[in-house]
Amino acid sequence: VPKLKAMLSDITRATGVELNFGEGVVCELYENEEYDFTIDITPDSAKVQYTKGNICDAMSVIMQMCIVEDGKLYLPCCHIDDKADLEHRGLMVDLARTWHPFEYLLSYVDLCRYYRASVLHLHFMDSESFTLPLECFPKLPSPDRHYTREQIDYLVQYAHDRQIEIMPEIETPGHSWQFIARYPEIFGTAGILGFEECVFE
């Protein structure tokens, strides 16, 4: 179960305590994103019984309840049956006006997952810079201010494993200065951007 493994890895990174899960884990996704789980504690062990629904949200709740003392992980006995009120719960980050190192993008996915946001909205281009890789117009990505194709692929997979949707924002012709500055012979005149055929790859 890739999503569960990703969440257990996130809990380990956050707490420093290595976690494992047993067999028979069933992961189902519900349209209303409900989830249901029970934590039973005995003197010798702790058991998390996951019943149904959104495994990522359930694991995020468990992560928030974790207490670490002397290298051990403590959880309260509880039963939680919950669901999100709204389908779109998002975080928006402007990557064009202010450059963000790639590692920050992964941390924003982690932030969305921890607080159970469902969408990470990334503003990739503006008059200040064009931050996406673009094979059809190689001069368009701003020097030292753009991501590679491999980084974007990794980001999408990283978010998918944590059930976060990446919403890319590429706005034209409102923010077209990078097009005009890099390719004045192709795009528009007097600040007017004219597209005939442009394929973003």
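In what order do the elements of the protein run from the N terminus on? The elements follow the order α-β-β-α-β-β-β-β-α-β-α-β-α, and the secondary structure comes to five helices and eight strands, where helices (H or I, at least four residues) and strands (E, at least two) are DSSP runs numbered from the N terminus. This is a predicted model, in which local features need pLDDT of at least 70 and side-chain atom pairs count only at pLDDT 80 or more, while totals for chains, interfaces and linings use all residues. Residues are numbered from 1 along each chain as its sequence is written, and side-chain values use heavy atoms, with hydrogens and water left out.

**Overall figures**

- Of the 201 residues in the protein, 40% are buried, a word that here means under 20% relative accessible area, with exposed meaning over 50% and partly exposed in between (1.4 Å probe, protein chains only).
- Among the contacts in the protein with a separation of 6 or more, 67% come from residues 24 or more positions apart, a contact being heavy atoms within 4.5 Å.

**The sheet β6-β7-β8**

- Three strands, in the order β6-β7-β8, form an open sheet with parallel pairing, and two strands are said to pair if DSSP finds at least two bridges between them.
- The edges of the sheet are β6 (90–94) and β8 (165–169), each with a single partner strand, so one side of each has no neighbour in the sheet.
- On average, and with direction ignored, neighbouring strands of this sheet are turned by 20° against each other; the axes are lines fitted to C-alpha atoms, for helices over the stretch in contact, and angles run from 0 to 180 degrees between N-to-C directions.

**Helices and crossovers**

- β6, α3 and β7 make a right-handed β-α-β unit; a crossover is right-handed if, with the strands pointing away from the viewer, the path from the first strand over the helix to the second runs clockwise.
- The chain then crosses from β7 through α4 to β8, and this β-α-β crossover is likewise right-handed.
- α3 has 13 residues and reaches 19 Å from its first C-alpha to its last, close to the 18 Å expected at 1.5 Å a residue, the expected span being 1.5 Å times one less than the number of residues.
- The buried residues of α3 include Phe-102, Leu-105, Tyr-108, Val-109 and Cys-112.

**Nonpolar cores**

- The largest nonpolar core has 28 residues, of which Leu-120, Leu-122 and Leu-155 touch the most other members; such a core is a set of buried Ala, Val, Leu, Ile, Met, Phe, Trp, Tyr and Cys residues joined through side-chain atoms within 4.5 Å.
- At least two residues of this core come from each of α3 (102–114), β7 (119–123) and α4 (149–161), and α3 gives the most, with six residues.
- A second, separate core of 15 residues includes Met-7, Ile-39, Val-61 and Cys-78.
- Not counting residues up to four places away in sequence, Leu-120 touches residues that include Leu-91, Val-93, Leu-105, Tyr-108 and Ile-166.
- Val-93 lies in strand β6 and is buried, with a relative accessible area of 7%; Val-93 and Leu-120 are 27 residues apart in sequence and 7.8 Å apart in space, C-alpha to C-alpha.

**Two residues with positive phi**

- Most residues other than glycine have a negative phi.
- Arg-116, in the loop between α3 and β7, has a positive phi of about 60° although it is not a glycine, and at 23% relative accessibility Arg-116 counts as partly exposed.
- Asp-144, in the loop between β7 and α4, also has a positive phi of about 60° without being a glycine, and at 72% relative accessibility Asp-144 counts as exposed.
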